[in-house]
Structures are given as structure tokens and as C-alpha cells.
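The following exercises concern one protein chain. Please study the sequence and the structure before reading each solution.

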Amino acid sequence: MDKIRRLRLAKDAMDRDWADPGLDLDVVAAHAGYSRYHFLRAFKEAYGEAPGQYLTHRRIERAEEMLRTVNLTVTEICTLVGFSSLGTFSARFKARTGLTPSEYRARHVGRGAALIPGCYAMLWAGGFNTATSKKRPAPGPAYGDEQEQQPRDRRAQP
């Protein structure tokens with residue numbers, strides 16, 4: 001497989017899995033079949049920026065869209081786009097756009113359609129994985145789905 005094709009596989013993984021906070025240099029380099037350091041050099045040579053910068057730009061683009069269209073807090077958007085630190089998200093967002101996430105939202109909301117309610121956005125995004133959601137048992141049958149039970153003959157009981 002040629003070099004560009006291998007790098008494209010890694011770049012496609014970043015474009016597809018941008019919201020995954022576990023997506024790091026080692027994981028992306030594995031998609032290309034390179035060591036992390038060889039991948040870093042090859043990616044920067046081919047695309048003009050480091051893989052981490054590319055992934056951050058993708059995440060900031062998604063955050064910009066969500067800030068304009070979804071009624072979620074900045075913290076919720078930060079988590080949904082794959083950042084684990086609100087401070088890092090805000091600093092990178094401001095470096096890229098010149099505005100803090102809150103300033104960006106204030107400047108761009110109101111142009112066009114109303115914001116999508118946060119509950120719909122969370123449903124679309126799959127929500128947050130929490131300790132509670134991981135421990136929940138599978139849901140029981142819905143009302144009316146239970147098997148109809150035959151009445152027991154109580155005369156046979158002692």
C-alpha cells in the first residue's frame with residue numbers, strides 16, 4: 001500500500017471518529033500502520049499540519065456548528081466534540097476563531113432557525129456515558145408486551 005493511501009486511512013479515521021476522546025496519536029498511527037513518530041512526520045509532510053492540529057480543527061469546526069444550532073451548554077458541547085478539558089477546549093477554540101465559545105455563540109445565534117433543543121441533540125449524539133447508564137439493567141417489556149398469563153387454579157394449593 002502506498003504512503004498517501006495509508007495516510008488517507010488515518011485521516012479518514014480522524015474525520016469519522018473525531019468525537020472520540022480516546023482517539024490519540026497512537027490509535028491514528030495504527031490506522032496507517034506506522035509508528036507514532038514516523039506517522040507524525042509523514043502526516044505533517046503530506047498535509048501541512050500535525051495530526052493533532054488536524055483533529056483539533058475538525059473538533060472546533062463541529063463545536064462552531066453546535067454553538068450556532070444547538071441549545072446545549074458550552075461544557076456539554078466541549079464533551080460531545082471530544083475534549084476532556086473545558087479549559088483546553090476554550091483556549092483552542094479562541095486561538096482558532098478569535099472568540100471564546102460563549103462570545104461565538106452570542107455573535108452567531110439568531111441568524112436563521114431556532115436552536116435545536118438540547119435533549120434532541122443529546123439523543124442524536126448518543127448522550128453521555130455515565131456510571132448510571134452503564135449499570136442500568138436491560139429494560140423490561142413495555143406495557144401490553146407481557147405474555148398473557150393463565151389464571152392459576154387456586155383449589156390445588158395447600
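How many helices and strands does the secondary structure of the protein come to?

**Solution.** The structure is a predicted model. Its secondary structure consists of nine helices and two strands. Read from the N terminus, these elements follow the order α-α-α-α-β-α-α-α-β-α-α. Buried residues account for 30% of the 158 residues in the protein. Of the contacts with a separation of 6 or more, 60% join residues 24 or more positions apart.

**Exercise 2.** Describe how helix H1 packs with helix H3.

**Solution.** Two packed helices are described by the angle between their axes and the distance between the axes.

Step 1. Helix H1 spans residues 3-16 and helix H3 spans residues 36-47; their axes come within 11 Å and cross at roughly 95°.

Step 2. Angles of 65 to 115 degrees count as roughly perpendicular, and therefore H1 is roughly perpendicular to H3.

Step 3. On the side of H1, the contact is formed by Lys3, Ile4, Leu7, Arg8, Ala10, Lys11 and Met14. H3 contributes Phe39, Ala42, Phe43, Glu45, Ala46 and Tyr47.

Step 4. Sorted by class, the contact of H1 with H3 contains nine nonpolar, no polar and four charged residues.

**Exercise 3.** Identify the buried residues of helix H7 and the elements against which they pack.

**Solution.** Step 1. In H7, which covers residues 101-108, the buried residues are Pro101, Tyr104, Arg105 and His108.

Step 2. These residues lie on the same side of H7, because they cover an arc of only 95° around the axis.

Step 3. The face of H7 turned away from the buried side carries Ala106 and Arg107, which are exposed.

Step 4. The buried residues of H7 pack against helix H4 (51-69), strand S1 (70-71), helix H5 (74-80) and helix H6 (86-97).

**Exercise 4.** Describe the packing of H4 and H7.

**Solution.** Step 1. The axes of H4 and H7 are 8 Å apart, and the helices pack at an angle of about 50°.

Step 2. That angle makes H4 oblique to H7. The crossing in which H4 passes H7 is right-handed.

Step 3. Glu64, Met66, Leu67 and Arg68 of H4 meet Pro101, Tyr104, Arg105 and His108 of H7 in this contact.

Step 4. By class, the contact of H4 with H7 has four nonpolar, one polar and three charged residues.

**Exercise 5.** Is Val81 buried or exposed, and which residues does Val81 touch?

**Solution.** Step 1. Val81 belongs to the loop between H5 and H6.

Step 2. Val81 has a relative accessible area of 0%. Buried means under 20%, so Val81 is buried.

Step 3. Not counting residues up to four places away in sequence, Val81 touches Trp18, Ala19, Arg59, Arg62, Ala63, Met66 and Phe89.

Step 4. Arg59 is one of these residues. Although Val81 and Arg59 are 22 residues apart along the chain, their C-alpha atoms are separated by 5.5 Å.

**Exercise 6.** Is Val74 buried or exposed, and with which residues is Val74 in contact?

**Solution.** Step 1. Val74 is located in helix H5.

Step 2. The relative accessible area of Val74 is 18%. With the cut-off for buried at under 20%, Val74 is therefore buried.

Step 3. Neighbours within four places in sequence aside, Val74 is in contact with Leu67, Leu86, Phe89, Pro101 and Ser102.

Step 4. Val74 and Leu86 are 12 residues apart in sequence, and their C-alpha atoms are 8.3 Å apart in space.

Technical notes. Residues numbered from 1 in each chain as written. Predicted model: local features only at pLDDT ≥ 70, side-chain atom pairs only at ≥ 80, totals over all residues. Heavy atoms only, no water. Axes fitted to C-alpha atoms, helices over the stretch in contact; angles between N-to-C directions. Helix = DSSP H or I, 4+ residues; strand = E, 2+ residues; numbered from the N terminus. Parallel < 35°, antiparallel > 145°, perpendicular 65-115°, else oblique. Contact = heavy atoms within 4.5 Å. Nonpolar A, V, L, I, M, F, W, Y, C, P; charged D, E, K, R; others polar. Buried < 20%, exposed > 50% of the residue type's maximum accessible area, 1.4 Å probe, protein only. Arc of directions from axis to C-beta. Left-handed = near helix turned anticlockwise from the far one by under 90°.
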